[in-house]
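Please try each task on the coordinates before reading on.

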There are 4 protein chains.
Amino acid sequence: VRFFEGLSDRERAVFEAGITLGAIYHQFTGTPVNRDNVRVVERCIEEAASLQPCVEDVEVSIEIPDGSEDNYGGYTEVNGRNLKVTVITRCGEWRVKARLEFIEELDYPLMWIEEIERVER
Amino acid sequence: VRFFEGLSDRERAVFEAGITLGAIYHQFTGTPVNRDNVRVVERCIEEAASLQPCVEDVEVSIEIPDGSEDNYGGYTEVNGRNLKVTVITRCGEWRVKARLEFIEELDYPLMWIEEIERVER
Amino acid sequence: VRFFEGLSDRERAVFEAGITLGAIYHQFTGTPVNRDNVRVVERCIEEAASLQPCVEDVEVSIEIPDGSEDNYGGYTEVNGRNLKVTVITRCGEWRVKARLEFIEELDYPLMWIEEIERVER
Amino acid sequence: VRFFEGLSDRERAVFEAGITLGAIYHQFTGTPVNRDNVRVVERCIEEAASLQPCVEDVEVSIEIPDGSEDNYGGYTEVNGRNLKVTVITRCGEWRVKARLEFIEELDYPLMWIEEIERVER
């Protein structure tokens with residue numbers, strides 16, 4: 001598309017990785033989850049996010065800490081502390097691996113780029 | 001819980017059905033969906049919503065109309081026009097069947113109570 | 001609408017209160033918030049939720065505890081622990097006051113009906 | 001933060017712009033809106049998104065087409081067709097202008113980078 005003419009493939013792979021992480025976080029946090037349905041929720045996030053432009057692969061892991069279900073509702077919810085995501089985007093020759101994970105030292109669910117590599121077309 | 005002392009079981013079943021429909025709509029609309037992942041998204045919504053208080057069963061159907069995937073992204077998203085939900089809540093002797101569906105004559109994704117029945121404890 | 005023929009006005013006010021609380025929680029949790037923008041976010045939730053059927057008034061209070069902004073991002077987000085909502089619905093002669101608030105003894109962001117009253121038409 | 005060591009400032013500005021657009025879309029689509037509350041909703045999105053890392057400015061415009069409020073509810077909702085966003089991110093010497101807008105020829109709410117410029121520190 002002409003909209004991406006000013007952007008290199010490498011930059012576009014970075015941009016789309018950002019979109020996908022922001023989208024996942026703000027679409028799915030709040031979703032009720034416990035040990036019984038966690039795998040279904042993880043797969044839903046993986047398969048929904050994989051549809052977005054340039055996304056090659058998505059891996060989602062939601063941790064259900066001991067005790068987090070021992071409340072009135074018997075479940076917890078997807079949030080910035082229990083959600084870990086790896087997104088792989090690909091644009092032309094460039095592949096980007098981006099991550100979302102809660103980083104204790106920052107007290108923040110950080111989204112960052114872990115790796116950028118050039119691949120065979 | 002003492003919080004529900006002023007409410008009859010019948011009313012609580014109605015209240016929880018409302019919560020669950022409002023929650024589903026506003027949690028999951030916007031989720032990327034196409035023919036390939038639709039069943040996973042439906043199951044995720046069903047299993048997540050089933051965790052909420054008094055919810056006995058949830059059935060979700062997302063319609064992917066012909067052509068709705070023929071765009072730049074190759075997918076559509078869960079929205080008020082393609083999402084149909086049936087929620088069954090139960091509180092004491094009362095069972096409520098609530099629905100969400102886009103009603104053309106209202107031009108609106110309506111949430112309503114279809115049936116209230118008294119059941120054996 | 002014919003869809004509500006089987007429901008009393010009192011029950012409909014209860015149902016719509018449930019919808020509105022479920023909608024608010026799942027639409028707005030995750031929204032970035034700190035002391036600077038909190039009033040704007042509260043008003044947005046109040047005015048958006050007030051558009052829903054039978055809703056007469058909505059009051060939202062988001063608490064920003066000391067230290068909750070002292071992280072990498074300098075902000076926190078709307079969540080089940082800091083969000084308090086009062087929704088007033090009205091249907092015919094019936095007015096319902098519903099609440100959302102995190103209840104420590106339940107370790108859960110509870111939604112409940114606090115009051116149902118008959119009012120002059 | 002060490003997490004961004006492998007990324008240039010220019011790339012980080014691109015990445016954060018992507019995050020912010022993805023976040024806005026998936027956090028706020030579904031929000032009830034009409035002519036009466038639209039400015040409050042726009043400001044809420046602008047001020048919430050402005051809190052995210054490296055974001056310098058956000059402008060949001062939600063169009064309420066004639067007739068879009070003439071339904072059972074008397075309102076419409078924020079969605080991919082009526083939402084326009086401009087996000088400005090800044091990282092070191094680099095400033096990025098990113099956009100979200102529904103593009104008819106693509107039948108898709110596109111997110112793209114409109115401009116990258118080097119600025120005085």
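A salt bridge is taken here as a side-chain nitrogen of Lys or Arg within 4 Å of a carboxyl oxygen of Asp or Glu. The model is a predicted one.

**Exercise 1.** Characterise the interface of chain D and chain A by its contacts, its buried area and its polar pairs.

*Solution.* Begin with the contacts, where 29 residues of chain D meet 29 residues of chain A. Next take the area: the two chains bury about 2,500 Å² between them, and 69% of this lies on carbon and sulfur atoms. On the side of chain D, the three residues D:Phe3, D:Phe15 and D:His26 supply 26% of the area that the chain buries against chain A, more than any other three residues.

Then apply the salt-bridge criterion, which gives four between chain D and chain A; the side chains of D:Arg10 and A:Glu11 form a salt bridge, with N to O at 2.5 Å. Polar contacts across the interface, with both residues at pLDDT 80 or more, come to seven residue pairs. Finally, assign elements: H1(D) gives the largest share of the side of chain D that touches chain A, 12 residues, and by class that side has 20 nonpolar, five polar and four charged residues.

**Exercise 2.** Which residues line the largest cavity, and how do they divide by class?

*Solution.* First list the cavities of 30 Å³ or more, of which there are five, and select the largest, with a volume of about 60 Å³. Its lining consists of His26, Gln27 and Thr29 from each of chains A, B, C and D. Sorting this lining by class gives 12 polar residues, with no nonpolar and no charged ones.

Notes:
Residues are numbered from 1 along each chain as its sequence is written. Chains are lettered from A and ligands numbered from 1 in the order in which they are written. This is a predicted model: local features need pLDDT of at least 70, side-chain atom pairs count only at pLDDT 80 or more; totals for chains, interfaces and linings use all residues. Side-chain values use heavy atoms; hydrogens and water are left out. Contact means heavy atoms within 4.5 Å. Buried area is the accessible area (1.4 Å probe) that two parts lose on being put together, summed over both. A polar contact is a pair of N or O atoms within 3.5 Å; within protein, one must be able to donate a hydrogen and the other to accept it, and residues adjacent in sequence count only if both atoms are side-chain atoms. Helices (H or I, at least four residues) and strands (E, at least two) are DSSP runs, numbered from the N terminus. Ala, Val, Leu, Ile, Met, Phe, Trp, Tyr, Cys and Pro count as nonpolar, Asp, Glu, Lys and Arg as charged, and the others, Gly among them, as polar. On a 1 Å grid over the protein atoms alone, a cavity is a set of points where a 1.4 Å probe fits but cannot get out, and a pocket is an open set with protein on both sides within 12 Å along at least five of seven lines; lining residues have an atom within 4 Å of a point. Grid points are joined across faces, edges and corners, and a volume is the space filled by probe spheres set on the points.
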